Amino acid sequence: MEETSYTCRQTLKTPAPISCLAKGPSDHFFAGSDDGSVRVYNQETLKVVKAIRGLGEVSSVVCMSHNAGGLGDIWVGFNRYALRFTMDTEKVILAKADATLTLELGADNDDVLNELSLNQKNSQLAFCLDSGTVGVVDLSTKQVARMKTSHDNICGTVKFIPDRPSELVSGGYDSSLLHYDFHQRTVLSRFDLGTSPPSSGVSMSPPFILSSAMSPSGILAAGTADGRVWIGTGGEKMSGVSSGTSAKKKRRKWEGLRQDETFMANVGHGPIVALAFIGPRTLFTSTLLGKVTLHEIGGPTADGKLDISPKWTKATTGVHKVNAIIATGGLIIIGGLSESGEGVIDIWEKGSSESKSGDV
């Protein structure tokens with residue numbers, strides 16, 4: 001199974017648990033923490049070059065991609081708010097007062113924002129809430145559109161669909177995936193994972209959807225609380241992908257939730273809390289306790305079957321409980337907390353043998 005080997009280049013420590021990670025521009029990445037801070041790291045030196053302090057518990061960070069150099073603008077989600085910050089300032093440490101825009105998205109203090117997502121053009125910001133609500137902010141008008149249908153429980157993850165300018169998909173603790181036309185605010189399709197029994201018999205946990213990832217080719221992956229990953233390939237763009245089938249015509253809408261092009265697989269013991277694609281059909285999964293596995297999605301075969309096969313697996317070294325994983329610039333970055341409850345970030349790279357530890 002050891003086809004692609006990653007080793008720990010360095011373990012970074014922070015005072016509070018790492019709650020989320022985000023890829024940034026110009027070889028930087030962002031780490032949000034439970035103590036209301038966001039740190040900006042240089043990927044080469046692994047030093048903090050800028051930070052935001054004094055927010056509530058940070059749940060999500062997304063970066064607005066841009067062509068010029070610099071760090072650009074970011075959106076930070078915490079409590080029921082999303083704040084926009086311009087990071088290319090002389091200040092090294094920013095505060096809540098430095099935000100250039102504040103959006104109140106949750107209905108009250110209990111309606112916590114869980115994830116933010118930006119579309120490819122940086123013109124729409126999607127969000128999802130503890131109440132199960134999914135919404136989109138038009139960043140040119142600041143108009144907030146809430147979907148007419150919500151999840152029946154917490155909605156923890158939301159993603160835009162590549163090359164579909166009005167479509168997104170969300171996953172919730174009601175074990176459902178909902179596919180929306182966000183201009184019409186309506187549901188286009190849905191998939192209930194609660195109807196998919198575990199292959200090994202009895203599961204102690206329901207298939208709550210805890211994490212999701214969208215490949216550049218339009219494959220959706222969702223991680224569940226019962227140790228499985230759900231894969232939907234019905235919306236895949238076939239260019240450059242060898243799958244044994246002829247190229248699909250582009251359909252009027254994304255069909256990633258089509259029953260006949262989905263499957264579930266057991267990939268770990270315990271909740272699948274974080275996912276990251278590093279290619280059209282190459283996926284990293286992480287369990288809560290830090291078993292990280294690289295998978296390849298295969299098929300469909302002649303009989304129409306899809307599968308997922310593990311290519312490499314490794315346990316985290318510093319992270320005792322995982323909250324986030326990202327793949328950027330040849331690195332795999334895993335964030336969470338240590339056994340003593342402090343923040344930890346493992347930095348993995350291909351084929352490296354050195355390992356260091358650093359406090360930040």
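D73 is buried, with a relative accessible area of 14%. This is a predicted model. The cut-off for buried is under 20% relative accessible area, so D73 at 14% falls inside it. The side chain of D73 meets that of R84 in a salt bridge, at 2.9 Å from N to O. The two residues sit 11 residues apart, D73 in strand β7 and R84 in strand β8.

R84 also has a place in strand pairing. It stands opposite L101 in β10. Strand β8 covers residues 81-86 and pairs with β10 in the antiparallel sense, over four bridges.

## The four-stranded sheet

β7, β8 and β10 belong to an open sheet of four strands, ordered β6-β7-β8-β10. The pairing is antiparallel. β6 (58-63) and β10 (101-104) are the edge strands, and each pairs on one side only. Neighbouring strands are turned by 20° against each other on average, direction ignored.

## Two nonpolar cores

The largest nonpolar core has 19 residues. Which of them touch the most other members? They are F30, I52, V61, I74, V76 and F85. β2 (18-23), β4 (38-42), β6, β7 (73-78) and β8 each give two or more residues to this core. A second, separate core has 17 residues, including F284, V292, I332 and W348.

Setting aside neighbours within four places in sequence, I74 is in contact with F30, I52, V61, V62, C63, L83, R84, F85 and M87.

## A hairpin

Strands β13 (residues 134-138) and β14 (residues 143-146) pair in the antiparallel sense, again over four bridges. G135 stands opposite R146 in β14. Four residues lie between the strands of this hairpin. K142 takes a positive phi there, near 65°.

## Other salt bridges

The count for the model comes to 11 salt bridges. One of them joins the side chains of R9 and E349, at 3.7 Å from N to O. This pair links distant parts of the chain. R9 is in strand β1 (residues 6-14) and E349 in strand β29 (residues 343-350), 340 residues apart. R9 counts as buried, at 16% relative accessibility.

D260 and R258 form another salt bridge, with their closest N and O atoms 2.8 Å apart. Are these two residues buried or exposed? D260 is exposed, with a relative accessible area of 51%. R258 is partly exposed, at 30%. Salt bridges with shared partners join E255, R258, D260 and E261 into one network.

## Aromatic pairs

The whole structure holds nine aromatic pairs. F29 and Y41 form a stacked one, with 4.9 Å centre to centre and 10° between the planes. F29 lies in strand β3 (residues 28-33) and Y41 in strand β4, so the pair ties together parts 12 residues apart in sequence. Both F29 and Y41 are buried.

W312 and W348 are set at another angle. Their ring centres are 5.7 Å apart and their planes stand at 85°, so this pair is edge-to-face. It links distant parts of the chain: W312 is in strand β26 (residues 307-315) and W348 in strand β29, 36 residues apart. Both tryptophans, W312 and W348, are buried.

Note on methods: Residues numbered from 1 in each chain as written. Predicted model: local features only at pLDDT ≥ 70, side-chain atom pairs only at ≥ 80, totals over all residues. Heavy atoms only, no water. Pairing = 2+ DSSP bridges. Axes fitted to C-alpha atoms, helices over the stretch in contact; angles between N-to-C directions. Core = buried A, V, L, I, M, F, W, Y, C linked by side-chain atoms within 4.5 Å. Buried < 20%, exposed > 50% of the residue type's maximum accessible area, 1.4 Å probe, protein only. Contact = heavy atoms within 4.5 Å. Salt bridge = Lys/Arg side-chain N within 4 Å of Asp/Glu carboxyl O. Phe/Tyr/Trp six-rings, centres within 6.5 Å; stacked < 30°, edge-to-face > 60°.
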